[in-house]
Amino acid sequence: MSASNPEQDVVEQAAAVLRRGGLVAFPTETVYGLGADVLNLDAIRNVFHVKGRPPDNPLIVHVSGTRQLDDVVDEIPDKGKMLGEAFWPGPLTLVMKRTILVSDLVTGGLDTVAVRMPDHPVALALIRALGEGIVGPSANLSGRPSPTTAQHVYDDLRGQVDLILDAGPTTIGLESTVVDVTVDPPMILRLGGLTRERIEEIIGRVETDTGGNRTARSPGTRYRHYAPRATVLLVQYEDREAFASLLQEQRQAGKAVGCIVHSPLLAKLESGEFYRVLPSSIEIFARHLFRTLRELDALRAEVIIVEGVPEQGLGATVMDRLRRASHG
Ligand code: TXA
Ligand code: MG
């Protein structure tokens, strides 16, 4: 179905599947989600089962307006309101105090709930048609790169989802930014499609705790993530020497080596099916990253050498994902 103009009868059919407790994979502007009715506990259990997801890793509730928001969120702090007004619908997830309507299954027993309003007409139409929030983790097997096409969902979850709504490739290609607004200053728990810089333009200073050293307040960031089957090796932006010697070393070890580069310096170094040059625009790099990792996997690359990106704006999110993918 077309991304801009969802077919209403298909959307109604998908909502009916959700209503009877089924699972529907749906497009958003970030990545595809694995949807279930937020009020159907059996369906939610099935989401964890199908993904192979640890039960203490809570789910995001997708809403299309204030009605579903009020159902699940007890209290919206001022800075949460400001961020919602500025960036919803969009790639921002807010963690807030939950209502008693939200099951422990959704939140992993936490007293907060993560909510977002996706910027995609098909997702919004589906939520409206159901009339309730839709829980939606990324529709990949736990630990794999998030799906940016319906085909990726099919590759990971074939036979285990009732319906996959295909609206073409997602535009952002990385997951939403998760911000806990129950604390002040608010805390970024997962870097994502909305940059820290843009958030700080609206509410001033925020802190970041994406689970490295301290408490891992966002349970999901504790687990290995975003990883293709191949071993990912990361080199610095434009570090031609490190790149070339790593490539030679891996080839000498007899490995099938895939590469993802983008600086003009490395773009010219080699060519071929295993050598992927992504545009240097960080938005386009981000959009194609997960897809390219999956493609090199499908070609049976055993090692993927990736050239890092400058760490600002969306580049910070890209580097976060690449580090997680490379720390097996
Ligand atoms: O872009 C996205 O966010 C996609 C699309 C489908 O909306 N969804 C997605 O969901 O990436 P998932 O389940 O793969 O990631 C949800 C993240 C996890 O890191 C989880 O730990 C965190 O949100 N999270 C959920 N509820 C939370 C809560 N109450 N407190 C802290 N972190 C929470
Ligand atoms: Mg995920």
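Author: Let's start with Ala 15, which is in contact with Leu 126, Ala 129 and Leu 130 when neighbours within four places in sequence are left aside; contact here means heavy atoms within 4.5 Å. Before going on, please keep in mind that this is a predicted model, where local features need pLDDT of at least 70, side-chain atom pairs count only at pLDDT 80 or more, and totals for chains, interfaces and linings use all residues. Residues are numbered from 1 along each chain as its sequence is written, chains are lettered from A and ligands numbered from 1 in the order in which they are written, and side-chain values use heavy atoms, with hydrogens and water left out.

Ala 15 itself lies in helix 1; helices (H or I, at least four residues) and strands (E, at least two) are DSSP runs, numbered from the N terminus. With a relative accessible area of 0%, Ala 15 is buried. Buried means under 20% relative accessible area, exposed over 50% and partly exposed in between, using a 1.4 Å probe and protein chains only. Ala 36 is 21 residues away from Ala 15 in sequence, and their C-alpha atoms are 9.6 Å apart in space.

After helix 6 comes Gly 131, with a positive phi near 85°.

Leu 126 deserves a moment of its own. Not counting residues up to four places away in sequence, Leu 126 touches Val 11, Ala 14, Ala 15, Leu 18, Val 24, Phe 26, Ile 134 and Leu 165. In the largest nonpolar core, made up of 61 residues, Leu 83, Val 115 and Leu 126 have the most contacts. A nonpolar core is a set of buried Ala, Val, Leu, Ile, Met, Phe, Trp, Tyr and Cys residues joined through side-chain atoms within 4.5 Å. Helix 6 gives this core its largest share, eight residues. There is also a second, separate core of 21 residues, and Ala 230, Ile 260, Ala 301 and Ala 325 are among them.

Helix 4 (residues 78-87) packs against helix 8 (residues 196-203) at an angle of about 120°, and their axes are 10 Å apart. Axes are lines fitted to C-alpha atoms, for helices over the stretch in contact, and angles run from 0 to 180 degrees between N-to-C directions. The two helices, helix 4 and helix 8, are therefore oblique to each other: angles under 35 degrees count as roughly parallel, over 145 as roughly antiparallel, 65 to 115 as roughly perpendicular and the rest as oblique. On the helix 4 side, Lys 79, Met 82, Leu 83, Ala 86 and Phe 87 meet Arg 198, Ile 199, Ile 202 and Ile 203 in helix 8.
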